[in-house]
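User: I'm new to reading structures, and I'd like to know where the labels come from. Can we go through them together?
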Amino acid sequence: MSENIHGFCPHCNANLDGELIIDYPLSQGKTMEEAIAYASMYSGWNTHKENNRWGRAIGIYSIDKDRTVCHRCPDCEKTF
Ligand SMILES: [Zn+2]
């Protein structure tokens, strides 16, 4: 059991950690060196390295504010 990176849904307590980021390029046949180059582009790399994971929460983007304003849980579909 690795540490939780993305937290839990405040509504249903779903674990918001997704798959390992480095698993995606490896599943596409990339070498470990190429996979690390890919994974290191994502935030969290400096802290978690090969254990870094995708977040499962869906970012809700506001065109007006030009930023992500909240997130939606993929399990209960509530925002937070
Ligand atoms: Zn939820």
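Analyst: A residue is buried if 20 or more other C-beta atoms lie within 10 Å of its own, exposed if 12 or fewer, and partly exposed in between, with the C-beta atoms placed from the backbone. Keep in mind that this is a predicted model: local features need pLDDT of at least 70, side-chain atom pairs count only at pLDDT 80 or more, and totals for chains, interfaces and linings use all residues. Residues are numbered from 1 along each chain as its sequence is written.

User: What makes isoleucine 21 count as buried or exposed?
Analyst: Isoleucine 21 has 21 C-beta neighbours inside 10 Å, so it counts as buried. Across the protein chain, buried residues make up 12% of the 80 residues.

User: Which residues does isoleucine 21 touch?
Analyst: Leaving out residues up to four places away in sequence, isoleucine 21 touches Ala39, Tyr42, Asn52, Arg53 and Trp54. Touching here means being in contact: two C-beta atoms, placed from the backbone, lie within 7 Å. Isoleucine 21 and aspartate 64 are 43 residues apart along the chain, and their C-alpha atoms are separated by 30 Å.

User: How do you know what counts as a helix or a strand, and how many are there?
Analyst: They are DSSP runs, numbered from the N terminus: helices are H or I with at least four residues, and strands are E with at least two. The protein chain comes to three helices and four strands, in the pattern β-α-α-α-β-β-β. Isoleucine 21 sits in the loop between β1 (17-20) and α1 (23-27).

User: Why are β3 and β4 called a pair?
Analyst: Two strands pair if DSSP finds at least two bridges between them. Five bridges join β3 (residues 58-62) to β4 (residues 67-72), so the pair qualifies, and the two strands run antiparallel. The hairpin has four residues between the strands.

User: What makes aspartate 66 worth a look?
Analyst: Aspartate 66 has a positive phi of about 55 degrees although it is not a glycine. Most residues other than glycine have a negative phi. Aspartate 66 lies in the loop between β3 and β4, and with 8 C-beta neighbours inside 10 Å it counts as exposed. Glutamate 77 is not a glycine either, and has a positive phi of about 65 degrees. Glutamate 77 is found in the segment after β4.

User: How do you know where the domains are?
Analyst: Domain bounds come from an automatic or database domain assignment, giving domain 1 (1-16 + 56-80) and domain 2 (18-55). Their C-alpha centres lie 20 Å apart. Six residues of domain 1 are in contact with eight residues of domain 2.
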